[in-house]
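Subject: Structure handover

Hello,

My notes follow below it.

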Amino acid sequence: MKKILVTGGCGYIGAHTIVDLLQHGYHVISADNNSRSKPNILDGVERITGVKVKNYTVDLCIFDDTHAIFQENPDLAGVIHFAAYKAVGESVEKPLLYFENNLNSLLNILRCCDNFQIPNFVFSSSCTVYGNPDESPVTESTATHEAESPYGYTKQMGEKIVQQTANSNEMNAILLRYFNPVGAHPSNEIGEIPLGKPANLVPAITQTAIGKLPQMLVFGNDYPTRDGSCIRDYIHVVDIAHAHTLALDYLIAGKNKGNCEIFNLGTGNGYTVLEAIRMFEQVSEQALNYSISGRRAGDITAIFANNEKARQLLGWVPQFSLEDMMRTAWNWEQKLKREETLLGGQNVFLN
Ligand code: WQD
């Protein structure tokens with residue numbers, strides 16, 4: 001059974017990816033210092049898969065501690081690297097924190113992969129590397145532009161670091177550019193747990209609908225789009241997760257042409273903010289309390305994916321619709337509320 005190290009395994013996409021890897025015959029270990037996550041998300045993974053995944057509570061910015069994981073697991077068939085800070089707004093306020101954390105952890109992981117000759121590496125990247133694209137849908141060869149935030153720069157720089165490293169040694173790498181990951185596992189055992197007030201659209205919608213937020217703001221309806229609000233490519237987190245399994249299968253089978261290939265992970269459909277809200281209202285059968293405000297700095301008008309390359313080469317076919325995304329997100333938010341009520345305001349997922 002091939003063993004995979006998932007860094008950031010207690011995170012939203014990391015945990016969903018661990019579930020998919022386990023369900024497709026991989027053995028998995030996690031490394032996550034829980035600075036932005038909770039270890040008990042792996043209890044949810046165990047409830048889904050029956051497997052108790054070992055997590056190394058390690059700060060990957062500390063080389064010796066990172067190296068110790070590889071020393072204990074020299075037989076890794078691959079590494080999937082999620083561990084990074086990802087809050088766009090925070091990155092603008094604290095750029096050095098983002099460059100230190102996101103780049104030092106990546107450099108340590110890559111150094112260890114080189115020292116232990118780990119053959120396969122999958123990097124968690126983002127459509128943010130395109131900046132404000134000239135066109136949509138974007139393909140993997142669409143020109144990238146200046147990133148919109150220090151977070152975006154860490155993804156652009158991270159991609160270059162991975163590419164140059166893979167070009168210089170025997171490692172084979174894949175960069176996966178996520179569009180907008182949303183939703184929760186259909187089992188309702190794991191889902192997104194934003195820390196603090198959510199910046200992203202779907203948790204802002206569900207927290208407003210459940211009453212945790214008084215009202216949601218739509219950041220601008222004066223964009224040059226069909227209804228004036230921004231267009232994004234929302235993609236279910238389980239579809240994103242399965243793409244990681246397919247990417248590892250592809251590398252392990254030696255199907256890769258180059259030693260660092262890039263894949264867009266989006267549905268190829270762009271929805272406006274107001275269309276997403278309408279879909280949520282249809283799913284939840286309740287009106288959402290929102291109002292239109294000014295534009296948010298750094299937002300781009302529209303971006304959605306051309307995902308043909310992932311379809312053709314990885315055999316990746318997104319399964320979840322926007323309706324599924326909203327339904328699973330809403331089910332999860334309602335579960336969090338029930339847990340808080342049961343536990344007198346505490347939340348088992350947050351403790
Ligand atoms: C989507 C749309 C907002 C909240 C970011 C990162 C990207 C990736 C996903 C990490 C925009 C609008 C949002 C709200 C709103 N993250 N919105 N009211 O900005 O496309 O992408 O998250 O990899 O890298 O850049 O996602 O969900 O924040 O916003 O109107 O309360 O929803 O203006 O048009 P974004 P988002």
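A polar contact here is a pair of N or O atoms within 3.5 Å; within protein, one atom must be able to donate a hydrogen and the other to accept it, and residues adjacent in sequence count only if both atoms are side-chain atoms. By that rule, 3 residue pairs are in polar contact between domain 1 and domain 2, both residues of each pair being at pLDDT 80 or more.

This is a predicted model, in which local features need pLDDT of at least 70, side-chain atom pairs count only at pLDDT 80 or more, and totals for chains, interfaces and linings use all residues. Residues are numbered from 1 along each chain as its sequence is written, and side-chain values use heavy atoms, with hydrogens and water left out.

Domains

The protein chain splits into domain 1 (3-183 + 235-267 + 305-314) and domain 2 (201-229 + 269-303 + 320-342); the bounds come from an automatic or database domain assignment. Their C-alpha centres are 26 Å apart. Domain 1 gives 16 residues to the contact and domain 2 gives 11, where contact means heavy atoms within 4.5 Å.

Between them the two domains bury about 1,200 Å², 64% of it on carbon and sulfur atoms. Buried area is the accessible area (1.4 Å probe) that two parts lose on being put together, summed over both. Of the area that domain 1 buries against domain 2, V182, H236 and T267 supply 38%, more than any other three residues.

There are 0 salt bridges between domain 1 and domain 2; a salt bridge is a side-chain nitrogen of Lys or Arg within 4 Å of a carboxyl oxygen of Asp or Glu. On the side of domain 1 that touches domain 2, the elements giving two or more residues are β10 (234-236) and α8 (237-252). Helices (H or I, at least four residues) and strands (E, at least two) are DSSP runs, numbered from the N terminus.

Ligand

The ligand is surrounded by 19 residues, and the closest are Y151, L201, L217, R232 and D299; a residue counts if one of its heavy atoms lies within 4 Å. A polar backbone atom of L217 is 2.7 Å from a nitrogen atom of the ligand.

Other points

The structure as a whole holds 15 salt bridges. One of them pairs E189 with K335, with the closest N and O atoms 3.3 Å apart. E189 sits in the loop between β7 (180-182) and α7 (201-210), and K335 in helix α11 (residues 322-342), 146 residues apart.

S136 and P137 are joined by a cis peptide bond, with omega about 5 degrees. P137 is in the loop between β5 (120-126) and α6 (150-168). Q117, in the loop between α5 (95-115) and β5, has a positive phi of about 50 degrees although it is not a glycine.

Regards
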